[in-house]
Amino acid sequence: MLEIHDLQKSFGDLHVLRGINLNIQKGDVVAVLGSSGSGKTTLLRCMNFLEHADAGTMVFDGQQVELSRITHAQIHALRRRTGFVFQNYNLFANKTALQNVTEGLVIARKMDKHQADEIARAALDKVGMGDRCDHYPSQLSGGQQQRVAIARSLVNQPRVLLLDEPLGALDLKLRKEMQLELKRLQREMNITFVYVTHDQEEALTMSDTVVVMNKGNIQQIGSPQDIYNEPRNAFVAKFIGDSNIVDGIMEKDFLVSFGGQEFACVDRGFKPREPVQVVVRPEDVDIVPPSAGKLTGLVREVIFKGVHFEMHVDVEGKEWLIHSTQASQPGELIGMNIGPDEIHIMSREEV
Ligand code: ADP
Ligand code: MG
């Protein structure tokens with residue numbers, strides 16, 4: 001439905017977006033995930049023409065535009081199909097919730113006030129704010145203001161909603177609730193979401209597709225499972241959660257060595273004896289008696305985390321992180337096994 005090809009954007013000498021390619025399917029939630037300064041907001045602003053891209057092409061519903069030469073008429077037409085939800089809500093302080101939502105309908109769409117009110121009330125109902133139509137932003141909590149901002153973007157019936165860290169200012173509990181509600185709204189209304197966040201857990205929870213960005217480049221695009229289980233490089237592996245990353249050698253297809261041992265794995269297609277990096281998630285290490293383990297490790301530290309114990313284990317001079325529901329004791333020697341499916345191989349490329 002919406003494609004972006006080779007989008008480039010600089011601010012002076014600062015090359016913020018370095019050739020972004022995206023292909024967004026109708027009805028999908030696409031999470032754009034990256035640390036602060038990676039270019040997420042700039043990407044979203046370019047997609048809504050709040051920022052002028054230096055180069056690149058956009059194809060929206062089969063209509064192709066050259067972003068560097070886009071006309072006002074094209075921007076106007078494309079903007080009608082997209083909505084934008086800002087991180088800081090951007091509500092008018094001197095207008096009520098209802099007036100904030102009707103404003104665009106009355107002014108930009110020249111709708112009569114009666115009809116606009118009706119549509120706005122329905123949208124506020126939908127986000128659970130039907131009983132606060134007459135409240136001013138200062139009388140609403142952060143979460144409630146964000147609901148109003150979302151209602152305001154929904155009344156234009158956008159095909160794509162661009163959301164810039166929409167829950168970033170909320171506390172953890174409220175954020176979790178709003179994540180579920182946003183997902184519900186998205187399903188009910190079948191709107192495509194492009195959802196920017198720096199929170200990897202939020203990205204995995206909310207989306208069908210995760211786009212991992214770093215320094216203006218896309219590092220990987222994939223389903224949450226793909227990104228988590230098959231990170232393409234060390235940056236993605238580290239960004240997306242705790243993981244053990246160790247140097248290894250790909251002996252041949254389906255066989256990798258690390259920590260002085262050979263392990264069966266499911267990866268192939270590397271050069272014989274190619275140096276690689278091996279990723280193992282903390283929850284994927286089986287703890288066994290030392291004599292039964294391929295690797296042995298010395299437990300340094302054990303921290304209770306509620307659902308599991310987090311253990312820091314010394315394996316041949318390298319610290320491993322292991323999550324287990326059973327606690328070992330600091331100072332204990334343990335055996336460690338890792339199944340072929342739990343071993344993920346990456347090229348040893350620089351990122
Ligand atoms: P993110 O949203 O991922 O935190 P941004 O897209 O906001 O990142 O910013 C990416 C980089 O571009 C940052 O280094 C930021 O300082 C810079 N930047 C963003 N907007 C402007 C601007 N209007 N003028 C100059 N530099 C900018
Ligand atoms: Mg930002």
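Analyst: The account below takes the helix pairs in turn and then the pocket and the cavity.

The model is predicted, and local features are taken from residues with a pLDDT of at least 70.

Helix 3 spans residues 97-107, and its axis lies 8 Å from that of helix 5, with an angle of about 25 degrees between the two. Angles under 35 degrees count as roughly parallel, and helix 3 is therefore roughly parallel to helix 5. The crossing of this pair is right-handed. On the side of helix 3, the contact is formed by Ala97, Asn100 and Val101, which meet Val148, Ala151 and Arg152 in helix 5. By class, four residues of this contact are nonpolar, one is polar and one is charged.

Helix 3 also packs against helix 4, which covers residues 113-126. The axes of helix 3 and helix 4 come within 9 Å and cross at roughly 125 degrees. The two helices are therefore oblique to each other. This crossing, too, is described as right-handed. Helix 3 contributes Ala97, Leu98, Val101, Thr102, Leu105 and Val106, and these meet Lys113, Ala116, Asp117, Ile119, Ala120, Arg121 and Leu124 in helix 4. The contact of helix 3 with helix 4 comprises nine nonpolar residues, one polar residue and three charged residues.

The next pair is helix 5 and helix 6. Their axes are 12 Å apart, and the helices pack at an angle of about 15 degrees. Helix 5 and helix 6 are therefore roughly parallel to each other, and their crossing is right-handed. Gly143, Arg147, Ile150 and Leu154 make the contact from helix 5, while Leu174, Met178, Glu181, Leu182, Leu185 and Met189 make it from helix 6. The residues of this contact divide into seven nonpolar, one polar and two charged.

The cavity can be considered together with this last pair. The structure holds one cavity of 30 Å³ or more, and the largest cavity has a volume of about 40 Å³. Its lining consists of Val127, Arg147, Ile150, Met178, Glu181, Leu182 and Leu185. Helix 5 and helix 6, the latter spanning residues 172-189, are the elements that give two or more residues to this lining. Helix 6 gives the most, with four residues. Five residues of the cavity lining are nonpolar, none is polar and two are charged. Arg147 and Ile150 of helix 5, together with Met178, Glu181, Leu182 and Leu185 of helix 6, take part in the contact between these helices, and these residues also belong to the cavity lining.

The largest pocket, finally, has a volume of about 810 Å³. The pocket is lined by 24 residues, and those closest to its centre are Arg79, Thr82, Gly104, Ala108 and Asn156. Two or more lining residues come from each of helix 2 (72-79), strand 6 (82-85), helix 3 (97-107) and helix 5 (142-154). Helix 3 gives the most to this lining, with five residues. By class, the pocket lining has 10 nonpolar, nine polar and five charged residues.

Taken together, helix 3 packs with helix 5 and with helix 4, and helix 3 and helix 5 are among the elements that give two or more residues to the pocket lining. Helix 5, for its part, also packs with helix 6, and both of these helices give two or more residues to the lining of the largest cavity.

Methods:
Residues are numbered from 1 along each chain as its sequence is written. Chains are lettered from A and ligands numbered from 1 in the order in which they are written. This is a predicted model: local features need pLDDT of at least 70, side-chain atom pairs count only at pLDDT 80 or more; totals for chains, interfaces and linings use all residues. Side-chain values use heavy atoms; hydrogens and water are left out. On a 1 Å grid over the protein atoms alone, a cavity is a set of points where a 1.4 Å probe fits but cannot get out, and a pocket is an open set with protein on both sides within 12 Å along at least five of seven lines; lining residues have an atom within 4 Å of a point. Grid points are joined across faces, edges and corners, and a volume is the space filled by probe spheres set on the points. Ala, Val, Leu, Ile, Met, Phe, Trp, Tyr, Cys and Pro count as nonpolar, Asp, Glu, Lys and Arg as charged, and the others, Gly among them, as polar. Axes are lines fitted to C-alpha atoms, for helices over the stretch in contact, and angles run from 0 to 180 degrees between N-to-C directions. Angles under 35 degrees count as roughly parallel, over 145 as roughly antiparallel, 65 to 115 as roughly perpendicular and the rest as oblique. A crossing is left-handed if the near helix is turned anticlockwise from the far one by less than a right angle, and right-handed if clockwise. Contact means heavy atoms within 4.5 Å.
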